[in-house]
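Biologist: I am new to this structure. Could you show it to me and take my questions as they come?

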Amino acid sequence: MKNENEFKLTIDSKSVNEGFTRVVVSAFVTPLDPTLEELADLKTAVSEAVTNCIVHGYKDKFGKIYITGKMIDNTVKITVRDRGCGIENIDQAMKPLFTTGEGDRAGLGFTVMESFCDKITVRSKVNSGTSVTLIKKIEGKAKW
């Protein structure tokens, strides 16, 4: 029998909620007894996905961000979705240093997500939104 758990969360696209999401994801994976590095990696990847929704998906307006988490045994799948402007060219957007942001944006969000997760999937449709799915295997042993 598999150990399974899941959650659904809807937040406003406000930067203050990025930190809140990190806490939710931390609490969600705690039963897997992750290492500090595994926990930091997952929190950082989720943080980047949420920040992309806020900064790029909704740009100068507010909207909702939908986050779902699913855990099967020691594999965690987090999906972060918005209904913002969408990404015109996903391949280009995922290249290091590419950004549509202004000022201090480094263009490393997807690169960070890819480096901290085992798998990342990006789906997007212009004017409909973007969905980023992060998959990470936690080596800590499940205790529940």
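Biologist: What share of the contacts with a separation of 6 or more comes from residues 24 or more positions apart?
Modeller: Such residues account for 66% of those contacts in the protein, a contact being heavy atoms within 4.5 Å. This is a predicted model, in which local features need pLDDT of at least 70, side-chain atom pairs count only at pLDDT 80 or more, and totals for chains, interfaces and linings use all residues. Residues are numbered from 1 along each chain as its sequence is written, and side-chain values use heavy atoms, with hydrogens and water left out.

Biologist: Which pattern does the protein follow along the sequence?
Modeller: The order is β-α-α-β-β-α-α-β-β. Helices (H or I, at least four residues) and strands (E, at least two) are DSSP runs, numbered from the N terminus.

Biologist: And how many residues are in the largest nonpolar core?
Modeller: That core has 32 residues, and Ile65, Ile67, Val76 and Ile78 have the most contacts inside it. The term covers buried Ala, Val, Leu, Ile, Met, Phe, Trp, Tyr and Cys residues joined through side-chain atoms within 4.5 Å. Helix α2 gives the most, with eight residues.

Biologist: Now valine 80: buried or exposed?
Modeller: Valine 80 is buried, its relative accessible area being 0%; buried means under 20%, exposed over 50% and partly exposed in between, with a 1.4 Å probe and protein chains only. Valine 80 lies in strand β3.

Biologist: What does valine 80 touch, beyond residues up to four places away in sequence?
Modeller: Its contacts there include Ala49, Val50, Cys53, Ile67 and Val132. Threonine 133, 53 residues apart from valine 80 in sequence, is 6.5 Å apart in space, C-alpha to C-alpha.
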